[in-house]
Amino acid sequence: MSDDPTLGLTLSGGGAYGAAHVGVLQELEARGIRPGIVAGTSSGALVAAAYAARVPQDAIEQAALAFRWSSIARMSLTPRLGLLDSGALTDAIHRTLGEDPLIEELPRRFAAVATDVRTRQAVVIDRGPLNLALRATIAVPGLLPPVRRGGQVLMDGGMVDNVPVGATRQLGAERIIVVRLHAKWENVRMMRVVSSTAELEEDPSIVLVQPEMTGLAQWSMADVPNLIEEGRRAAREALDAAEGLPRG
């Protein structure tokens, strides 16, 4: 089966809730729906990167089930920049992919969205080392250190756009499957979204998947199996209602 180069996938941020994205990927694969473009913010970018690198679905699920925060961060030796150090994420990329690939060399088009804290603008990272992009998009202020890229100082993309539909369009997507995690996450003061739920629902070029997170843990990994299943259920419901999605 071949990828659809005009079909995009947008994965939002949300801490441990990001495990729901794994279930969405499983449902897409089961239906033979293969987006050729994927973009994400924060935990959504981690799953999106695995998809873009063509990491097998079972390996993505196993990584989610085994995930601990120590997989991407460890205690910092310079805590003034953040309590944790994201260097562990670079190690995880090497273990999974055997190298730190350039984003432009990944099998699928990919972008991670970060925030330039100097300008308060979203930065779409679709070129350069994968580890830099991922360390930037997960850099929650106070917890993980900012990442410097040229003259930019980059942190978590959810600070300006937690559902980066625009980045997916920028990569060339004409129709987009958008996975928006529980809206309560975006009530946190730090999180922002450019497109409201109503705007996403009314856009005919978008298939909106909204997993229901009520009662599930956002910062511990205790509910990962339930989150994966909820992602798959929500994707099944949204895709059953959608029309004209191309299949591989």
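This is a predicted model: local features need pLDDT of at least 70, side-chain atom pairs count only at pLDDT 80 or more; totals for chains, interfaces and linings use all residues.

Visitor: What percentage of the residues counts as buried?
Guide: Buried means under 20% relative accessible area. The chain has 248 residues. Of these, the buried share is 56%.

Visitor: How many helices and strands does the chain have?
Guide: Both kinds of element occur in the chain. The count is eight helices and 10 strands.

Visitor: Among contacts between residues at least 6 apart in sequence, what share joins residues at least 24 apart?
Guide: Contact here means heavy atoms within 4.5 Å. Take the contacts between residues at least 6 apart in sequence. The share that joins residues at least 24 apart is 73%.

Visitor: Which residues touch the most other members of the largest nonpolar core?
Guide: In soluble globular proteins, nonpolar side chains tend to be buried together. Here the largest nonpolar core has 52 residues. Those that touch the most other members are Leu9, Phe110, Ile125, Ile177, Val209 and Leu239.

Visitor: How many residues are in the other core, the one with Val113 and Leu171?
Guide: That core lies apart from the largest one. Its members include Val113, Leu171, Ile176 and Leu200. Its residue count is 14.

Visitor: How many residues of strand β5 are buried?
Guide: Strand β5 covers residues 109–116 and is mostly covered. Of its eight residues, the buried ones number seven.

Visitor: Which residue of β5 is the bridge partner of Gly40?
Guide: Strand β2, residues 35–41, runs parallel to β5. Five bridges join the two. Gly40 has as its partner in β5 Ala112.

Visitor: Which residue in β6 stands opposite Ala112?
Guide: β5 pairs with strand β6, residues 121–125, in the antiparallel sense. That pairing has five bridges. Opposite Ala112 stands Ile125.

Visitor: Which residue in β8 is the bridge partner of Thr115?
Guide: Strand β8, residues 152–156, runs antiparallel to β5. Three bridges join them. The partner of Thr115 is Met155.

Visitor: Is Arg120 buried, partly exposed or exposed?
Guide: Arg120 lies in the loop between β5 and β6. Its phi is positive, about 60°, although Arg120 is not a glycine. Its relative accessible area is 47%, between the 20% and 50% cut-offs. So Arg120 is partly exposed.

Visitor: Is Ser42 buried or exposed?
Guide: Ser42 sits in the loop between β2 and α2. Its phi is positive, near 55°. Its relative accessibility is 9%, and the cut-off is under 20%, so Ser42 counts as buried.

Visitor: Which elements do the buried residues of α2 pack against?
Guide: Helix α2, residues 43–52, has nine of its 10 residues buried. Among them are Val47 and Tyr51. They pack against β1, α1, β2, α3, β5 and α5.

Visitor: How far is Arg108 from the ring centre of Tyr51?
Guide: The structure holds zero aromatic pairs. Tyr51 does have Arg108 over its face. The distance from the ring centre is 3.9 Å.

Notes:
Residues are numbered from 1 along each chain as its sequence is written. Side-chain values use heavy atoms; hydrogens and water are left out. A nonpolar core is a set of buried Ala, Val, Leu, Ile, Met, Phe, Trp, Tyr and Cys residues joined through side-chain atoms within 4.5 Å. Buried means under 20% relative accessible area, exposed over 50%, partly exposed in between (1.4 Å probe, protein chains only). Helices (H or I, at least four residues) and strands (E, at least two) are DSSP runs, numbered from the N terminus. Rings of Phe, Tyr and Trp (its six-membered ring) pair if their centres lie within 6.5 Å; planes under 30 degrees apart count as stacked, over 60 as edge-to-face and the rest as tilted. A charge sits over a ring if NZ of Lys or CZ of Arg is within 6 Å of the ring centre and within 35 degrees of the ring normal. Two strands pair if DSSP finds at least two bridges between them.
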